[in-house]
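Subject: Handing over a structure

Dear colleague,

I am passing this structure on to you, and my notes on it follow below. Please read them with the sequence and the structure open beside you.

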Amino acid sequence: MVRECSDKVAPDRCTYSILIGCFCRMGRLEHGFAVFGLILKTGWRVNHIVFNQLLKGLCDAKRLDEATNILLWRMPEFGCTPNVVSYNTLVKGFCNENRAEEALELLHVMADDQGLSCPPDVVSYNTVINGFFREGQVDKAYNLFLQMIDRGIPPDVVTYNTVIDGLCKAQVVDRAKAVFQQMLDKGVKPSNGTYNCLIHGYLSTGKWKEAMIDEAVCIFDKMRQQGLSPNVVNYGALIDALCKLGRVDDAILKFNQMINEGATPDIFIFSSLVYGLCTVEKWEKAEELVFEMLDQGIRLDVVVFNTLMCDLCREGRVMEAQRLIELMLRVGVRPDVISYNTLVDGHCLTGRTDEAAKLLDVMVSIGLKPNEFTYNTLLHGYCKARRIDDAYSLLREMLMNGPTPDVVTYNTILHGLFQTGRFSEAKELYLNMINSRTQWDMYTYNIILNGLCKNNCVDEAFKMFQSLCSKGLQLHIITFNIMIGALLKGGKKEDAMDLFATISAYGLVPDVETYCLIAENLIKEGSLEELGVLFSAMEENGTAPNSRMLNALVRRFLHRGDISRAGAYLSKLDEKNFSLEASTASMLISLYSRGEYQQLAKSLPEKYRFPH
């Protein structure tokens with residue numbers, strides 16, 4: 001194109017600049033730089049527009065080091081001082097790649113006047129603040145916001161929205177509310193987005209749900225005071241939260257208010273209301289609402305109903321979910337296998353396995369074929385209820401009529417047999433699995449190893465474990481934990497420690513359960529120096545003790561009569577805000593009943609010195 005133009009109209013610098021921009025947007029940087037070379041060849045001076053397009057192209061291609069070199073060295077060499085757009089382009093590039101620290105360094109270059117009299121503007125700060133929030137560095141983002149104000153750069157609505165949204169997502173809603181108030185005090189008019197951030201912040205806060213929703217309602221009502229009308233997103237968030245909390249009447253009021261203001265509800269709002277009405281058993285109103293959706297041209301399909309059923313079952317409202325099937329049929333939506341699987345799972349989770357079993361017959365009667373998930377879910381329900389004979393009957397049904405049993409099927413039955421002490425049947429099953437060449441996964445091996453160890457067949461389990469190691473399978477840390485625990489319980493400490501030492505050779509890292517097993521054994525044997533070394537190793541691996549481990553260690557020390565060390569680990573529980581387990585509390589109470597309590601109590605943290 002350039003060559004053709006040379007015979008007719010000579011391209012100028014603007015022509016070349018447009019070409020560079022096009023090539024950079026297409027990701028063809030090599031052509032962009034070729035055109036840049038043509039500009040230099042003509043002797044024209046390159047300007048900010050040309051360089052900024054190249055910088056943008058390099059940042060989009062994630063070639064940030066080259067972009068940095070152009071900004072800080074090449075541009076000055078060509079007599080083109082970078083402007084704020086140049087810096088902001090690279091700042092955004094760093095933040096897009098989760099490199100907010102490097103973006104901050106560039107911001108400091110600008111702010112400290114090393115940017116050749118190019119101080120950062122509100123866009124520069126907004127970009128880096130957002131970058132830190134995206135990376136989860138909330139304090140750094142907030143401190144930069146304060147620093148921006150100290151430097152005399154007034155935040156705009158984008159700044160406030162970014163900070164409020166970031167604080168809300170970090171569950172620091174009180175601080176977000178303070179920033180919102182500051183926004184009002186400074187005369188910056190909030191947008192709908194500002195209110196969306198605050199409303200979502202209050203509604204997603206885990207604590208004090210009622211109070212948080214009331215706060216969200218107040219924020220919602222404040223919108224009108226600022227001359228804004230709530231949009232469908234504002235209404236949707238509030239209506240959904242009210243329904244989830246059981247305040248369905250309040251949700252209906254907001255829904256009616258929305259209609260009166262001329263806002264059109266979407267499928268999310270309708271679905272939230274249908275869910276809420278189902279939870280309070282207002283089925284006629286729910287059905288009326290569904291027909292209203294259809295009248296408004298909102299297409300209801302089986303996916304929407306399945307989602308509602310899943311939400312209800314997750315809340316333990318399985319009977320309400322089952323009644324949705326009737327509603328589906330009345331509005332012309334045919335339930336599918338997923339609909340019934342959801343109900344089967346819900347009934348099993350609430351211990352109603354007989355109700356779940358009846359649904360299999362219902363599925364067949366309406367022409368639906370139960371799949372692997374249906375059978376496996378019911379099998380798990382039977383095994384959880386220790387109804388192994390029923391589980392076996394279901395397995396036989398699968399083999400005769402249903403889908404081919406998969407590894408999940410066999411794992412479920414195996415686990416159930418071992419859990420109920422039917423060791424010989426479990427062993428027979430896994431031998432049949434070997435003979436029938438059934439595909440196993442690592443979870444299958446873990447079930448069998450655990451079952452063998454629990455039934456005092458540690459030598460047999462160890463042989464299987466060694467076989468797994470020689471096959472080059474990807475072992476789990478759980479596999480090692482099973483074997484280490486069994487060896488320690490059987491008094492084979494050296495073998496257990498040797499196994500512990502080989503974990504890293506298999507590309508694994510000990511988890512808190514591994515360390516807990518070793519630590520409990522060290523206390524039992526009185527090897528307290530080794531315990532200190534073990535805790536240091538935990539810290540180096542980045543593994544923190546959990547509540548179960550600390551409670552277990554406290555009990556071990558109390559059992560040994562080492563009250564002083566038990567007190568030290570009680571303090572660790574408090575530091576991490578963990579609770580005492582019932583068995584730990586029971587041992588402490590037992591300790592207080594002994595005659596030497598007065599002397600022993602001095603070794604415990606003050607809060608555990610109960611009055612005698």
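**Helix pairs and a cavity**

Helix H5 (residues 64-77) packs against helix H6 (residues 84-96) at an angle of about 160 degrees, and their axes lie 10 Å apart. H5 is therefore roughly antiparallel to H6, a term used for angles over 145 degrees. The axes are lines fitted to C-alpha atoms, for helices over the stretch in contact, and the angles run from 0 to 180 degrees between N-to-C directions, while the helices themselves are DSSP runs (H or I, at least four residues) numbered from the N terminus. The model is a predicted one, in which local features need pLDDT of at least 70 and side-chain atom pairs count only at pLDDT 80 or more, whereas totals for chains, interfaces and linings use all residues. Residues are numbered from 1 along each chain as its sequence is written, and side-chain values use heavy atoms, with hydrogens and water left out.

H5 passes H6 in a left-handed crossing, that is, the near helix is turned anticlockwise from the far one by less than a right angle. On the H5 side the contact (heavy atoms within 4.5 Å) is made by Leu64, Ala67, Thr68, Leu71, Leu72 and Met75, and on the H6 side by Ser86, Tyr87, Leu90, Gly93 and Phe94. These residues divide into eight nonpolar, three polar and no charged, where Ala, Val, Leu, Ile, Met, Phe, Trp, Tyr, Cys and Pro count as nonpolar, Asp, Glu, Lys and Arg as charged, and the others, Gly among them, as polar.

Helix H14 (residues 232-244) and helix H15 (residues 248-260) have axes that come within 8 Å and cross at roughly 165 degrees, and they are therefore roughly antiparallel to each other. The crossing of H14 past H15 is left-handed, and the contact between them has ten nonpolar, one polar and two charged residues.

There is one cavity of 30 Å³ or more, a cavity being a set of points, on a 1 Å grid over the protein atoms alone, where a 1.4 Å probe fits but cannot get out. The largest cavity has a volume of about 40 Å³, counted as the space filled by probe spheres set on the points, which are joined across faces, edges and corners. Its lining (residues with an atom within 4 Å of a point) consists of Phe270, Ser271, Val274, Val290, Met293, Leu300, Val304, Phe305 and Leu308. Helix H16 (267-279), helix H17 (283-295) and helix H18 (302-314) each give two or more residues to that lining.

With best wishes

Definitions and conventions: Parallel < 35°, antiparallel > 145°, perpendicular 65-115°, else oblique. 1 Å grid on protein atoms, 1.4 Å probe; cavity = no way out; pocket = protein on both sides within 12 Å on 5 of 7 lines; lining within 4 Å.
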